[in-house]
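These are my notebook entries on a structure that I looked through entry by entry. The sequence and the structure come before the entries.

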Amino acid sequence: MSWLWAIIVGLVLGLLAKAIIPGKQQIPLWLTVVFGILGSIVGNSVAAGIGVDDTKGIDWIRHLLQLIGAIVIVGVGDMLWASMKGKKHRTT
C-alpha cells in the first residue's frame, strides 16, 4: 500500500511542479511521476534533517519542502530530457 501512496503523491507533486514551472515541459507523464516521487523523498529528507518531519497536525513545512524538491527535480530533469532528445528547452 505504501507504493501506491508513493505513486499517487509523486503524480500530484510532479503535476503541481509542472504547473508551477514556467513554459512547457517535455517530459512524459511516467517521468513526471518518478520525479515527483524523488522530490517527495528529497523533501522528507530535508524535513527530517531540520526536525520538522513529524509534527502535530498537518506537516505543512514537510509538504512545502516536498513540493520544492519536486519543482527542482522536474525542472532539472526536464532540461536533461530535452537535451537527450535533442529538443531545445523553451522557457515561454
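The entries below go from the whole chain to single residues.

**Basis.** I worked from a predicted model, in which local features need pLDDT of at least 70 and side-chain atom pairs count only at pLDDT 80 or more, while totals for chains, interfaces and linings use all residues. Residues are numbered from 1 along each chain as its sequence is written, and side-chain values use heavy atoms, with hydrogens and water left out.

**Whole chain.** I looked up the secondary structure and noted three helices and zero strands; these are DSSP runs numbered from the N terminus, with helices being H or I of at least four residues and strands E of at least two. In sequence order the pattern reads α-α-α. Along the principal axes, the C-alpha atoms fill a box of roughly 45 × 25 × 20 Å. Of the 92 residues in the chain, 34% are buried (buried means under 20% relative accessible area, exposed over 50% and partly exposed in between, with a 1.4 Å probe and protein chains only). I also checked the contacts, meaning heavy atoms within 4.5 Å. Among those between residues at least 6 apart in sequence, 65% join residues at least 24 apart.

**Nonpolar core.** I then asked which residues make up the largest nonpolar core. The term denotes a set of buried Ala, Val, Leu, Ile, Met, Phe, Trp, Tyr and Cys residues joined through side-chain atoms within 4.5 Å. The core has 10 residues: Leu13, Ala17, Ile21, Ile27, Leu31, Phe35, Leu67, Ala70, Val74 and Trp81. For Ala70 I listed the contacts beyond four places in sequence: Leu13, Ala17, Phe35, Gly36 and Gly39.

**H1 against H2.** I recorded that the two axes come within 7 Å and cross at roughly 100°; axes are lines fitted to C-alpha atoms, for helices over the stretch in contact, with angles from 0 to 180 degrees between N-to-C directions. H1 and H2 are therefore roughly perpendicular (65 to 115 degrees; under 35 is roughly parallel, over 145 roughly antiparallel and the rest oblique). From H1 the contact includes Ala6, Ile7 and Lys18, and from H2 it includes Thr32, Val33 and Ile37. By class I noted nine nonpolar, five polar and one charged residues; Ala, Val, Leu, Ile, Met, Phe, Trp, Tyr, Cys and Pro count as nonpolar, Asp, Glu, Lys and Arg as charged, and the others, Gly among them, as polar.

**Two residues of this contact.** Thr32, in helix H2, is buried, with a relative accessible area of 0%. Beyond four places in sequence, Thr32 touches Gly10, Gly14, Leu15, Lys18 and Ile27. Ile7, in helix H1, is partly exposed at 44% relative accessibility. The C-alpha atoms of Ile7 and Val33 are 6.6 Å apart, across 26 residues of chain.

**Aromatic pair.** How many aromatic pairs does a search of the whole structure find? I noted one, formed by Trp30 and Trp81 in an edge-to-face arrangement, 6.3 Å centre to centre with 85° between the planes. Rings of Phe, Tyr and Trp (its six-membered ring) pair if their centres lie within 6.5 Å, and planes under 30 degrees apart count as stacked, over 60 as edge-to-face and the rest as tilted. Trp30 is in H2 and Trp81 in H3, 51 residues apart. Trp30 is exposed at 53% relative accessibility, whereas Trp81 is buried at 18%.
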